[in-house]
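Visitor: Could you walk me through this structure, please? I would like to begin with a term that I need.

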Amino acid sequence: MASFLERIDPQPHFLWSGSWRPRTVEPLRVLCDHELVMVSQGSCALELGGSRVELGAGSFAIIPPGLPHATFGGTA
């Protein structure tokens, strides 16, 4: 029998997980799919379409497709 995640649509896909060093920058980009950013420890900031959002440990953000965004590690 298929698992819950295999039966829902859209399907989440785990692409990357890891630790970032403070002041790491993921440059401005636009994706054609949703992006889920989860912060398990430390902090980061997201620049979303010209607005800045600070995220701390235990928080998350869902970035919609087509929205220009950049990620900055260790800023909150």
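Guide: A polar contact is a pair of N or O atoms within 3.5 Å; within protein, one must be able to donate a hydrogen and the other to accept it, and residues adjacent in sequence count only if both atoms are side-chain atoms. The model is predicted, so local features need pLDDT of at least 70 and side-chain atom pairs count only at pLDDT 80 or more, while totals for chains, interfaces and linings use all residues. Residues are numbered from 1 along each chain as its sequence is written, and side-chain values use heavy atoms, with hydrogens and water left out.

Visitor: Which side chain does the side chain of T71 make a polar contact with?

Guide: The partner is the side chain of R29, at 3.1 Å.

Visitor: And is T71 buried or exposed?

Guide: T71 is buried, because its relative accessible area is 4%. Buried means under 20% relative accessible area, exposed over 50%, and partly exposed in between (1.4 Å probe, protein chains only).

Visitor: What does T71 touch?

Guide: Leaving out residues up to four places away in sequence, T71 touches W20, T24, V25, E26, R29, C44, A45 and L46. Contact here means heavy atoms within 4.5 Å. The C-alpha atoms of T71 and E26 are separated by 5.0 Å, although these residues are 45 apart along the chain.

Visitor: Where is T71 found?

Guide: T71 lies in strand β6. Strands (E, at least two residues) and helices (H or I, at least four) are DSSP runs, numbered from the N terminus.

Visitor: What is the strand order in the open sheet?

Guide: The order is β1-β6-β3-β4, with antiparallel pairing. The edge strands are β1 (25-29) and β4 (51-56), each of which pairs on one side only. Two strands pair if DSSP finds at least two bridges between them.

Visitor: How many bridges join β1 to β6?

Guide: There are 3 bridges between β1 and β6 (residues 69-73). R29 stands opposite H69 in β6.

Visitor: New topic: which residues make up the largest nonpolar core?

Guide: Its 8 residues are V37, V39, C44, L46, L48, L55, A61 and I63. β3 gives the largest share, 3 residues. A nonpolar core is a set of buried Ala, Val, Leu, Ile, Met, Phe, Trp, Tyr and Cys residues joined through side-chain atoms within 4.5 Å.

Visitor: What about the cysteines: is C44 buried or exposed?

Guide: C44 counts as buried because its relative accessibility is 8%, whereas C32, at 78%, counts as exposed.

Visitor: How many disulfides does the structure hold?

Guide: The structure holds 0 disulfides, a disulfide being a pair of cysteine sulfur atoms within 2.5 Å.
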